[in-house]
Amino acid sequence: MKTIFAASFLCEVNTFSPISTTEQDFKTCYYRDNGQYLSGNGEHYYAQPLKTFEALTQQAGWHYIESLATGACPGGRLTQSTYETFRDKILADLANAQGVDGVILYLHGAMVADHCDDCEGDILSRIRRIVGNEVFIGVELDPHTHLTQAMVDNANVLISMKEYPHTDYHERAAELFDLMQGYFNHSIKPVMSVLDCHMIDLYPTLIEPMKSVNAKMRHWEETQADVLSISLIHGFPWGDVADLGTKVLVITNDKPEVGEQIAEQLAIHLQSLKGKISPKAYDVNAALIEAMAMDTNQPVVLADTADNTGVGALGDSTFILQAVFEREITNVALSPLYDPEAVKVLKLAGVGQKVDIHLGGKGPYSGKPLYLAQAEVISIVPNLMVYLGEAKISCGEAVAVRCQGVDIVINNKRWQSSSIECFSNMGIDPRRKKILIVKSSHHFRGSFQTISEHILTVNTPGTANLNFTQLAYRNIKRSVNPIR
C-alpha cells in the first residue's frame with residue numbers, strides 16, 4: 001500500500017501592495033489542519049484539489065495523510081513569521097509521517113515573503129531534503145506562477161491549471177495523480193522542459209486568442225505519444241521577483257528534446273500574438289461613454305481590474321463610482337466595495353434607514369472616500385457567498401445601499417466579484433441594470449458572460465495597474481516585454 005502526503009499553502013502576492021499578509025489572513029480566509037476546519041468550508045477554492053487527491057488516493061486503496069490546507073486572499077508580502085510558521089508546520093508533519101511514497105501539493109507559485117522571493121522553491125527544496133530522491137513530489141500550480149529553477153529541480157511533476165478563470169482545478173489534480181501512478185508503476189519517466197517566453201501579459205482563456213491556444217495545447221497532449229502534459233505558466237505581473245514572466249512547461253516521457261521543440265513552438269506562437277491577447281483597456285470616462293452609448297437590453301459590465309482583490313488590491317477604490325455620480329448616471333450597481341467600518345455603521349442603522357456616509361478611498365491607491373447623502377440601506381446579508389466554478393467563497397458580512405439610482409454592495413472580507421451572486425445574493429437583480437461594476441480582472445467572466453456579452457476592461461489607478469511599464473520593478477534582470 002502506498003502512502004500519500006498532501007498539503008496546500010497558497011497566497012498570490014502583489015509586491016506593490018501596501019497590505020502585509022499575516023497568519024490571521026489565512027485563518028480568516030481558509031484554514032484546515034489535519035482535516036479539521038478552523039474556518040471556511042470544504043467547498044472553498046483553496047480546498048478543491050485536495051478533495052480530488054483524497055478521493056483518488058482512497059479509490060486506489062492507499063493511505064492518505066493530509067497536513068495543512070490553507071490559503072489567504074491575495075495581498076502584499078507575507079510576514080516572514082507567517083510564512084515560516086505554515087511552512088514549518090507542513091515540514092514537521094512530513095517528517096513525522098512514516099514511509100511516504102508520494103508528496104502531492106497544491107501551491108500557488110507566486111507567494112513571496114519578507115525575506116523569501118521564492119517561497120514555493122524553498123518549500124520544495126526542504127521537502128526534497130526530507131524525503132530523498134526516490135519519493136515522488138508533484139505540485140498543482142496556479143498559472144500565475146513565478147516558475148523558478150528551484151521548483152523544477154525539486155519536483156518530479158509540476159502542472160498548472162490551464163483555464164483563466166481557474167475552473168479546471170479538479171482536472172489538473174486528477175492529471176497530477178495519474179502521472180504519479182505512472183511514476184509508481186514505472187510506465188512513465190516524466191521529464192520537464194521549460195522555455196522562457198521573455199514576455200508578460202494577462203491570458204484570459206474564455207476568449208480568443210487564448211481559447212485557441214489552450215485548444216492547441218490539448219491537441220498536442222492528445223496526439224503526441226511522448227507528451228504527458230503541457231502547462232502555460234502565465235506569470236504574475238504584479239510580483240517584482242527575478243523569475244517573473246511567461247514560461248512554457250512541457251512534461252514528456254523521457255523525451256526532453258520533444259518537450260523543448262513543443263515549448264519553442266508554443267512560445268513563438270505566443271510572441272506572435274503580442275498586443276492581441278488581453279482585452280482593450282478603457283480609461284474611466286471612455287468606458288462610461290461607451291457603456292451609455294450601447295443600445296442593448298443586457299447590462300454592460302465594467303471590470304475595475306486595478307482594484308481587483310484577486311491580485312492583491314485593497315478593493316475599495318472609488319474612481320469609477322465618483323465618475324458615475326458626477327455624470328448623474330443611474331441604474332448602476334457595484335459589488336463589492338471593501339469597507340469593514342462602513343459595514344458596521346450601516347448594519348447598525350438597519351434595512352430601510354437612510355444614512356450619510358463616506359465609503360472606500362482608504363488605501364493609498366484608492367482615490368478619495370465617496371460621500372453619500374441619505375443612502376438607503378436596502379439589504380444586509382450576514383455571509384455573502386459567491387462562486388468560482390463550483391467552489392463556494394465567502395465575502396463576509398455585506399450591506400447594500402441605494403443612492404441616486406446607484407446600488408453599492410459593501411463588504412468586510414476581501415474577495416473579488418467572481419460571480420453574479422455578488423449582486424443577486426444581496427437582492428439586486430444584475431440583469432435589470434444598465435451598468436454593472438465588478439472588481440475583478442477575468443475570474444468574473446465565466447459567470448457574467450451568462451447575462452451579458454458586453455464587457456469592458458477599465459484601467460483605473462491602483463495597485464494592479466494594467467500598464468506594467470508604470471510599475472517600479474527592481475528585481476527583474478532579464479528582458480521581459482513590455483517591462484524592459
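Cys403 has a relative accessibility of 3% and therefore counts as buried, the limit being under 20%. The model is a predicted one. A disulfide is a covalent bond between the sulfur atoms of two cysteines. Cys403 takes part in no disulfide, and the nearest cysteine sulfur, which belongs to Cys422, lies 20 Å away.

Cys29 is another buried cysteine, with a relative accessibility of 6%. Its closest cysteine sulfur is that of Cys73, at 6.2 Å. A disulfide requires two cysteine sulfur atoms within 2.5 Å, so the distance from Cys29 to Cys73 is too far for a bond. By this rule, the count of disulfides is zero.

The next topic is a pair of helices. Helix H2, residues 48–59, packs with helix H6, residues 169–184. The angle between them is about 40 degrees, and their axes are 8 Å apart. Angles under 35 degrees would count as roughly parallel and those from 65 to 115 as roughly perpendicular, so H2 is oblique to H6. The crossing in which H2 passes H6 is right-handed.

On the H2 side, the contact is made by Gln48, Pro49, Thr52, Phe53, Leu56 and Thr57. H6 contributes Tyr169, His170, Ala173, Ala174, Leu176 and Phe177. An α-helix has 3.6 residues a turn, so residues three or four places apart point the same way. By class, the residues of the contact between H2 and H6 comprise eight nonpolar and four polar, with no charged residue.

Is Ala313 buried or exposed? Its relative accessible area is 0%, so Ala313 is buried. Setting aside neighbours within four places in sequence, Ala313 is in contact with Ile19, Ala306, Asp307, Asn308, Arg414 and Thr463. The C-alpha atom of Ala313 is 13 Å from that of Ala72, while 241 residues separate the two along the chain.

Helix H10 itself spans residues 319–326. Which residues of H10 are buried? They are Ile320, Leu321, Ala323, Val324 and Phe325. Just after H10 comes Glu328, with a positive phi of about 55 degrees.

Technical notes:
Residues numbered from 1 in each chain as written. Predicted model: local features only at pLDDT ≥ 70, side-chain atom pairs only at ≥ 80, totals over all residues. Heavy atoms only, no water. Axes fitted to C-alpha atoms, helices over the stretch in contact; angles between N-to-C directions. Helix = DSSP H or I, 4+ residues; strand = E, 2+ residues; numbered from the N terminus. Parallel < 35°, antiparallel > 145°, perpendicular 65-115°, else oblique. Left-handed = near helix turned anticlockwise from the far one by under 90°. Contact = heavy atoms within 4.5 Å. Nonpolar A, V, L, I, M, F, W, Y, C, P; charged D, E, K, R; others polar. Buried < 20%, exposed > 50% of the residue type's maximum accessible area, 1.4 Å probe, protein only.
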